[in-house]
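Dear colleague,

I am passing on the structure we spoke about, and below it you will find my notes on what turned up when I went through it. Please read them with the model open beside you.

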There are 2 protein chains.
Amino acid sequence: MTNIRHALSVTRDADFAAWYQDVISEAEMAEESGVRGCMVIRPWGYGIWERIQKLMDERIKAAGVENCYFPLFIPLSYFSKEAEHVEGFAKEMAVVTHHRLIADGKGGLVPDPEAKLEEPLIVRPTSETVIGAAMARWIQSWRDLPLLTNQWANVVRWEMRTRMFLRTSEFLWQEGHTAHADREDAMVETLRALEMYRSFSEECLAMPVMAGEKPENERFPGAVATYSIEAMMQDGKALQAGTSHYLGTSFADAAGIRYQDREGQQALCHTTSWGVSTRMIGGVIMVHGDDDGLRVPPAIAPHQIVILPMLRDDDGDAALLAYCEELRKALAAQSALGEPLRVMLDKRPGKATQKRWAWVKKGVPLILEIGGRDAAGEQVSVIRRDRLWREDGKVNFSAEARDSFVARAAAEVADIQHSLHVEATARRDANIHRGVGTLAELTEFFAEEKRYPGWVELNWSRPTGDALETVVQQLKALKLTIRNTPMDSAPAEGNCVFTDAPAVERIFVARAY
Amino acid sequence: MTNIRHALSVTRDADFAAWYQDVISEAEMAEESGVRGCMVIRPWGYGIWERIQKLMDERIKAAGVENCYFPLFIPLSYFSKEAEHVEGFAKEMAVVTHHRLIADGKGGLVPDPEAKLEEPLIVRPTSETVIGAAMARWIQSWRDLPLLTNQWANVVRWEMRTRMFLRTSEFLWQEGHTAHADREDAMVETLRALEMYRSFSEECLAMPVMAGEKPENERFPGAVATYSIEAMMQDGKALQAGTSHYLGTSFADAAGIRYQDREGQQALCHTTSWGVSTRMIGGVIMVHGDDDGLRVPPAIAPHQIVILPMLRDDDGDAALLAYCEELRKALAAQSALGEPLRVMLDKRPGKATQKRWAWVKKGVPLILEIGGRDAAGEQVSVIRRDRLWREDGKVNFSAEARDSFVARAAAEVADIQHSLHVEATARRDANIHRGVGTLAELTEFFAEEKRYPGWVELNWSRPTGDALETVVQQLKALKLTIRNTPMDSAPAEGNCVFTDAPAVERIFVARAY
């Protein structure tokens, strides 16, 4: 298209990383807080998170999982135990050592040396250990199983290099933790959570994902099997947007989670854990955003329709506002995607065009601009965010009779949800490459000048141990990682690209966030 | 009543404090976590909090307030500033000093001396300071006002003596923070929040409260005026269940929250803050609980109706479960208190009577016990939790035709909500005493053997400074505090009980949590 003056100052093509930051800032989703690695999530970003929480929580509850809340602080000793038996245990955590401040005599405050904790407390990086301890208290017999718990909480992992939503020291997430009588039941739950994440991403985020098992080297430390959903960003990189782990009995062993079975014997539980976080919002930005800012899928949009009255600070404003308020009510009485439409009438002072572009950058699915003439003629003027520009480079307004628009508004909202999914899926599928048969071809495919051209599907022999490590290093040299083996993968064909042994499954290889 | 064998081992009369702990434990609401002062909130307790959040959040959003999320950590320097200008600034806080653990060479972990933070971070005791800093960034002109923000979060205040829900080191709350152009607009918001809390308590928690202004000595440090809602517990003590503060311009001055007014002049904003916390759950327990455990008001009950099939592990179970499932669906299709009924079919293994008493202790409003004969006869057997016992000391079952019960279930649920409120209000009103004219009478009224007989309404002259401090000390000797001056108080009469000067308003004096 020609002569379009986009709303952002950076395009995706020019600098994807700078564009990402620009979307977040221009859509007023989040900002740096002044505390290293911690962000302030502003109303539009937090409103999207609230929508994600609501829709995910419904699915979690529908599966019979109950929400709990566990303490923010975990005694240091809980981690000593874990550090012993888990290789790859991460130690970058926030450590609380004092419980009081005292004046330093120079107008400042310092930690009070008299108030040093006997045992330091760790700000939870995950609640695995405390939830394990609770499960050990709560479970006595087979009647108590399965025990299905979930927590919505903030967690902290000290990160050296942070990016808003994608990797922050503090982030918001949900962590499901479940205990089962046997492997089979635990695996059913592990895969149920994975499928919940997959369908949630596709249906609510309009974000196509590959659900599958991670290779051995990418497993959660201590897990028997780790599954993920992987989404393709517009720069071709992969984003792991959710994980589900089958933990076998090792976590139960460490925490003492045992039950008496129907025969009266003591047995260890099989446990699982699964989580998604505010990282998903980073995925939504990089899957749906364009050079005019964010485009929010209607299912997670805090407002699906914004009505912008063209106020003129004169006598006509009252009638215009009355018309808009009636329009708002008529729209809010409709339902789309199983819920009443979320419609906002933006009466705030300010120029209408400025307000239009603010909403465009925020990515609200539908914007209705209403002037005095629209009101008099019972019309609306509609901008559909995912079809913002006409071929001639002008904004794609369409004028329509009010009643006709009200009648089709819900269908239009649902269509935007659908269209975003179709668009993202087509792009994802177009950027998955098959038929790479050698390492040389793989190297060629990801040559620097091609700038992350997407994902490659490879046949491999699923090497383990040192043989796997060799593969991991070969990929690392190309800045690549194995994402996962999709659940619905076609059977393997031919020989392994790395080992030349007969292939046993297919994997996706990509650059990743 | 005679010969009742109550479900709890401790009665309110025997030991109110022990009874409180027993309710929490027997209703499986919460438990100690192993971390001093932090609790694990179990599904029934957390489910009640989720209901409180949902209903409160609807009211907050309806007032045009937008939710945000601010960082868990606050740099120490933010507090140095506050400690300077706020007298009574509390310094009991969790202090993060390190960001990594390291092996101590003896199989344990210690904070890594190499990873000491340059500036310690404080785990937020409230987000006042960071929200103030954000407001200073976000507000430029009168067009940006009012700025209405709220946060749902965990906060930490190091407490020496803790009690679950009432006073814990970590607790969950919402904190509203708003900025306005002038005093008038800020006062309207302060009182709007107070009224929101009052009506929420009465309507959703069925908990009658007195909304009013706190005396000068009970103001939030730095506030110009502090308002509270005060509820009477069954032991006659008061619980402050929510506060709303008008902060004047002093917080804006400290944080630099300024705006350009319509004339182009810079001016300081007037700010407010308001909050309620998981403490409300402690109030619900002590207002509605009885010697059989909790009684949850239906508006905040995670399940309003529990269906208990009397399973017999035989061939009849399938038909019984089918009957119960159909009953569940028929009930869930009804609405009470503006929402679909929340109905749970408890199919878990276990003895039906044990399960009944577990639900009685949890306080679910209606329990339906369904045996094979009920199913065959299209009947239900109903227990209404707030009318648990018959005069003869037996459980107050009533058998009823299924269709008749389904038809009136929603009304019954609404009636329980109403009855709990009526009962609590009658008890509260019966325990407010008027006509105490002297300090001697006050002393006599609160004599030890009377065991906290309620609240006393006094006429007083609203002394300030040293004169107020004298009153505070006189009351302290009687273990009493001034709760508030209710908004709808009758005019003052006669002379002040303390100063003998002409009274200017009425106050409530009580023992308190």
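Two strands are said to pair if DSSP finds at least two bridges between them. With that in mind, and bearing in mind that this is a predicted model, strand β5 (residues 95–98) of chain A and strand β5 (residues 95–98) of chain B pair in the antiparallel sense, over 3 bridges. Within this pairing, H98(A) stands opposite V95(B) in β5(B).

The contact between the chains takes 54 residues from chain A and 54 residues from chain B. On the side of chain A that touches chain B, the largest share, 5 residues, comes from helix α3 (residues 76–85) of chain A, and the residues of that side divide into 34 nonpolar, 11 polar and 9 charged.

Finally, helix α11 (residues 402–430) of chain A has 29 residues and reaches 39 Å from its first C-alpha to its last, close to the 42 Å expected at 1.5 Å a residue, although α11(A) bends by about 50 degrees at A409(A). A409(A) is also one of the buried residues of α11(A), among them F405(A), V413(A), I416(A), Q417(A), H421(A) and R428(A).

With best wishes

How values were computed: Residues are numbered from 1 along each chain as its sequence is written. Chains are lettered from A and ligands numbered from 1 in the order in which they are written. This is a predicted model: local features need pLDDT of at least 70, side-chain atom pairs count only at pLDDT 80 or more; totals for chains, interfaces and linings use all residues. Two residues are in contact if their C-beta atoms, placed from the backbone, lie within 7 Å. Helices (H or I, at least four residues) and strands (E, at least two) are DSSP runs, numbered from the N terminus. Ala, Val, Leu, Ile, Met, Phe, Trp, Tyr, Cys and Pro count as nonpolar, Asp, Glu, Lys and Arg as charged, and the others, Gly among them, as polar. The expected span of a helix is 1.5 Å times one less than its number of residues. The bend at a residue is the angle between axes fitted to the seven residues ending there and the seven starting there. A residue is buried if 20 or more other C-beta atoms lie within 10 Å of its own, exposed if 12 or fewer, and partly exposed in between; C-beta atoms are placed from the backbone.
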